[in-house]
Each structure stands twice: as structure tokens, then as C-alpha cells.
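Please look through the sequence and the model below. The paragraphs after them go from the whole chain to single residues.

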Amino acid sequence: MWETLDERAAEAVRKHLVALRGGAPFLSPDDSSLLDTWLRDGWSGPQIIHALERAADARRKRPQRLPLTLRSARPHLGKAHRGALRTAADRPPEPAAAAHPLAPLAAALRERPADDPRHDQLDALADALLALPVDDPQLLEARAQTLCRDFLLRAWTEMEDWEREERLDDARQSLHAVREVLSAAAFESSAEEVARDQLRQAYPLLSAATIRQLLPKGSAPA
């Protein structure tokens with residue numbers, strides 16, 4: 001049975017939200033209803049994911065008492081978000097990939113330090129990005145978002161237990177201001193969201209904003 005475009009978009013949004021915050025691998029009834037409304041109103045999956053990342057970035061400014069939800073992304077729908085690609089975007093891409101919009105991103109990923117523990121996976125990600133078809137820019141955006149999200153998900157799940165726990169401990173320390181007002185479960189959920197966000201900050205190029213930065217102008221909705 002084939003999924004509809006809206007069903008595929010909804011699944012992509014669900015996976016992206018879980019990747020950002022951790023926790024239960026499903027949407028709440030309120031989030032499910034809101035997502036259905038947005039898709040019916042014409043918002044695309046990549047646009048909603050872009051807004052979710054904006055919301056996640058905005059939450060770094062102060063400890064949060066409530067988990068990241070789709071409702072958190074509502075103020076960010078349709079707003080621009082500067083990508084992380086800078087000087088690499090001004091350099092000529094690799095000759096074999098010169099016609100591909102994501103070539104500057106692929107080139108920048110290959111330039112990561114050789115001692116990065118995920119250097120080989122970044123090379124593989126660069127190859128996968130350049131293998132995406134370019135005839136449909138909106139589909140290109142969605143598939144590129146998926147590749148970047150899956151890289152970050154694997155980086156989290158394949159992390160050594162000691163490293164993950166170390167990251168969670170650091171996150172717990174950063175949340176000391178709200179510890180007394182949260183239940184134990186809510187506090188641990190918040191710590192996981194912070195720890196996942198800190199991992200995402202280590203790879204700032206792997207964002208919806210960076211992908212959109214490279215799309216041909218006018219090819220993706222605002």
C-alpha cells in the first residue's frame with residue numbers, strides 16, 4: 001500500500017521531532033492533530049522540520065520546563081533561518097559534482113578534521129547527498145533532511161555508553177535551575193533533549209537551514 005505525500009511528510013516530521021528531543025517515538029494527540037492541520041493548510045514536511053529546528057535552537061537560551069513539541073514550532077513556521085555554510089559555499093565545488101546544489105555542503109563535510117570519530121560516516125553522507133536526484137528541488141530538500149537526520153540519529157544511538165552518559169550528566173548540570181520544579185521523568189527527558197542538541201551543535205552543517213541555503217532560489221516554499 002502506497003503512502004500519500006502527507007503521510008510521508010508526517011512520518012518525516014515525527015522522526016525529526018524524536019531525533020531532536022529523544023523520548024517516546026510517537027506524537028502526542030495534540031501534536032498529531034496540529035500536524036494534520038498544518039499539512040492540510042499547505043505547509044510542507046521540510047517547512048515544518050525547518051520550524052522545529054528553529055524552535056530547538058531558540059530553546060538553548062534558557063532551561064526549559066516543557067518538552068519540545070510541534071506547538072513549540074508554531075511561531076517559527078515560514079520564517080527564515082540562516083544556514084551554517086559560509087566560506088565553503090563561495091568555493092567551487094568538486095568537479096564531478098559541479099552541477100549538484102548540495103556540492104558545497106558535501107565538500108565542507110569532507111573537510112572535517114581527520115580525527116573526527118565520524119569522519120568516514122561524514123564522507124559516506126557527502127556521497128549520499130551528491131547521489132540525490134536534483135530534478136525536484138522540494139523532494140531533494142526532504143531527502144537531504146532525512147540523510148542529515150539519520151546521521152545524527154546514528155551518532156547518538158551508536159555512541160559508547162560511557163560517552164552518552166557523560167553527555168547526559170553535562171546536560172543535567174546545565175538544567176540545575178529547573179530541577180526542583182520538574183518530576184524525575186520530565187527532568188531526564190529534558191536532559192536527553194539538551195544532550196542531543198549539544199551533539200547536533202557539533203555538526204552545525206547538518207541542518208534544515210543549511211540545506212535550504214543551497215537550494216535554487218524560488219525552488220522551495222518560504
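Accessible areas here come from the Shrake-Rupley method with a 1.4 Å probe. On that basis the protein, which is a predicted model, exposes about 12,000 Å². Of the 222 residues, 45% count as buried, where buried means under 20% relative accessible area.

The protein is built from ten helices and has zero strands. Read from the N terminus on, the order of elements is α-α-α-α-α-α-α-α-α-α. Contacts across the sequence can be described as well: among those between residues at least 6 apart, 68% join residues at least 24 apart.

One pair of helices shows how such elements pack. Two packed helices are described by the angle between their axes and the distance between the axes. Helix H6 covers residues 119–130 and helix H7 covers residues 137–157. Their axes are 10 Å apart, and the angle between them is about 170 degrees. Angles over 145 degrees count as roughly antiparallel, so H6 is roughly antiparallel to H7. On the H6 side, the contact involves Gln121, Leu122, Leu125, Ala128 and Leu129. These meet Ala144, Leu147, Cys148 and Phe151 in H7. By type, the residues of this contact divide into eight nonpolar, one polar and no charged.

Charged side chains come into view with the salt bridges. A salt bridge is counted when a side-chain nitrogen of Lys or Arg is within 4 Å of a carboxyl oxygen of Asp or Glu, and the count for this model comes to 18. Asp57 takes part in a salt bridge with Arg60, with an N to O distance of 2.7 Å. Asp57 also meets Arg200 in a salt bridge, again listed at 2.7 Å from N to O. What does the pair of Asp57 and Arg200 tie together? Asp57 lies in helix H3 (residues 45–58) and Arg200 in helix H9 (residues 184–201), so the pair ties together parts that are 143 residues apart in sequence. As for the two arginines, Arg60 is partly exposed, with a relative accessible area of 39%, whereas Arg200 has 9% and therefore counts as buried.

Another salt bridge is found within a single helix. Asp161 and Arg164 both lie in helix H8 (residues 161–174). They are three residues apart, about one turn of the helix, and their closest N and O atoms are 3.2 Å apart. Elsewhere, salt bridges that share partners join Glu53, Asp57, Arg60, Asp197 and Arg200 into one network.

The last stop is a loop residue. His76 lies in the loop between helix H4 (70–73) and helix H5 (103–110). With a relative accessibility of 13%, His76 counts as buried. Which residues does His76 touch, not counting those up to four places away in sequence? They are Ala51, Arg54, Ala55 and Ala58. One of them, Arg54, is 22 residues from His76 along the chain, and the C-alpha atoms of these two residues are separated by 6.4 Å.

Key:
Residues numbered from 1 in each chain as written. Predicted model: local features only at pLDDT ≥ 70, side-chain atom pairs only at ≥ 80, totals over all residues. Heavy atoms only, no water. Buried < 20%, exposed > 50% of the residue type's maximum accessible area, 1.4 Å probe, protein only. Helix = DSSP H or I, 4+ residues; strand = E, 2+ residues; numbered from the N terminus. Axes fitted to C-alpha atoms, helices over the stretch in contact; angles between N-to-C directions. Parallel < 35°, antiparallel > 145°, perpendicular 65-115°, else oblique. Contact = heavy atoms within 4.5 Å. Nonpolar A, V, L, I, M, F, W, Y, C, P; charged D, E, K, R; others polar.
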